Amino acid sequence: MINSIFEAILQILSHPPSRREHGYDAVVLLALLVNYRKYEGMGLVIAQALSEYNRQYKDKEEEHQSGFFSALTSMVGSMFIADAHEKISVQTNEAILLALYEAVHLNRNFITVLAQSHPEMGLVTTPVSPAPTTPATPLGTTPPSSDDLMVEFIVTHMMKEFPMDLYVRCIQVVHKLLCYQKKCRVRLHYTWRELWSALINLLKFLMSNETVLLAKHNIFTLALMIVNLFNMFITYGDTFLPTPSSYDELYYEIIRMHQSFDNLYSMVLRLSTNAGQWKEAASKVTHALVNIRAIINHFNPKIESYAAVNHISQLSEEQVLEVVRANYDTLTLKLQDGLDQYERYSEQHKEAAFFKELVRSISTNVRRNLAFHTLSQEVLLKEFSTIS
């Protein structure tokens, strides 16, 4: 019975006319089925069926364009499109968000598609599978990539009520994408400078609000993750940055913003040499900064010397890049282990309580908003509710 229900749902979602009429209800039903007694193994049947569906159709472009995942992402995208005077409510679309989460979480091929696609720019390497439809956004006329979304979150949520857990998740997403791109030699034509700038601004925010934030959070965990993202670019950037000039731009950005890294080093050094509660956490950041400080200490004197010899008060970006390119050979960096390792996401234990509460909320809303077109339908549903 479960398999036949699942196949029926997929037929609805794969057929445009039926999807337009019944797609929302089909997705809600699928989300609830997947989460039915999930942690007791009951939802595993639907999960396995969904995984099989992804396996069967992942190489067929027409299914990607008109099938389940495309339909689901289109639905999610439409949630965030509203008129200028319309207030957007995400709360009323919990079920669709849950269904999208399950589709991503259960699809082993999702990271492949996500890490190899960008809606605005091409790839240096050919993607192994076509990119899914990307949700539209009111932020602009072109759909954002995952990198755009992470940068958008980083720069718009620096506040006193600091969402530490969400920032940790955000940086973890970026890290996992970089690990995949490094492993598979995927080179995205993306403006990486936007990400580097956002990360440095986040570090500056943590330092500016050190006292307030330390009263609630271990900000050194987040600082360490950010520094290690830069270490990923420094150590492995030649495997996934699109061009050699992108690697030069990374060094330029580190040198240009050297004061922020110097301030971070001073802060963590101060706390790591005291016998306080943050000593160990701060010490890890101190050690992680070794290559960034090596880059700054190596190139800054050479840039100053170049300016003095040529009687230039302020060098242009191209002049700084010229100095950088000419002095790579004499730079010594320390090999850092484990930069391309990450903790695999596990829903159970950490997130189980959240998802149980979310499913209860969705179930309550479905019951409240269910429209009965005929009395016989209502009677039939009541009869089904008594079946054990």
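**The chain as a whole**

The secondary structure of the protein chain consists of 19 helices and zero strands. The chain has 388 residues, of which 43% are buried. Its exposed surface comes to about 21800 Å², and carbon and sulfur atoms supply 54% of that area. Among the contacts in the chain with a separation of 6 or more, 72% join residues 24 or more positions apart. A search of the whole structure for disulfides finds zero.

**Confidence of the prediction**

The average pLDDT of the protein chain is 78, and 70% of the residues score at least 70. Two stretches call for caution in reading. Over residues 60-67 the pLDDT stays under 50, and the model has 15 contacts beyond four places in sequence for this stretch. Residues 119-143 also have a pLDDT that stays under 50, and for them the model has 51 contacts beyond four places in sequence.

**Helices α9 and α10**

Two packed helices are described by the angle between their axes and the distance between the axes. Helix α9 covers residues 164-184 and helix α10 covers residues 192-208; their axes come within 13 Å and cross at roughly 145°. The crossing in which α9 passes α10 is left-handed. On the α9 side, the contact is made by Tyr167, Ile171, Val174, Leu178 and Gln181, while α10 contributes Trp192, Leu195, Leu199 and Leu202.

**Two loop residues with positive phi**

Most residues other than glycine have a negative phi. Arg185, in the loop between α9 and α10, has a phi near 55°, a positive value in a residue other than glycine. His311 also has a positive phi, near 55°. The place of His311 is the loop between α16 (290-309) and α17 (317-326). With a relative accessible area of 74%, His311 is exposed, because exposed means over 50%.

Helix α18 spans residues 352-369 and includes Val359. Ala352 also lies in helix α18. Val359 is buried, since its relative accessible area of 15% is under 20%. Ala352 has 12% relative accessibility and so counts as buried. Leaving aside neighbours within four places in sequence, Val359 is in contact with Leu32, Asn35 and Leu98.

| Residue pair | Separation along the chain | C-alpha separation |
|---|---|---|
| Val359 and Leu32 | 327 residues | 7.1 Å |
| Ala352 and Lys38 | 314 residues | 9.5 Å |

For Val359 and Leu32, then, a separation of 327 residues along the chain goes with 7.1 Å between C-alpha atoms, and Leu32 is also one of the residues in contact with Val359.

Notes: Residues numbered from 1 in each chain as written. Predicted model: local features only at pLDDT ≥ 70, side-chain atom pairs only at ≥ 80, totals over all residues. Heavy atoms only, no water. Helix = DSSP H or I, 4+ residues; strand = E, 2+ residues; numbered from the N terminus. Buried < 20%, exposed > 50% of the residue type's maximum accessible area, 1.4 Å probe, protein only. Contact = heavy atoms within 4.5 Å. Areas by Shrake-Rupley, 256 points an atom, 1.4 Å probe, with all protein chains shown as cover. pLDDT = per-residue confidence, 0-100. Disulfide = S-S within 2.5 Å. Axes fitted to C-alpha atoms, helices over the stretch in contact; angles between N-to-C directions. Left-handed = near helix turned anticlockwise from the far one by under 90°.
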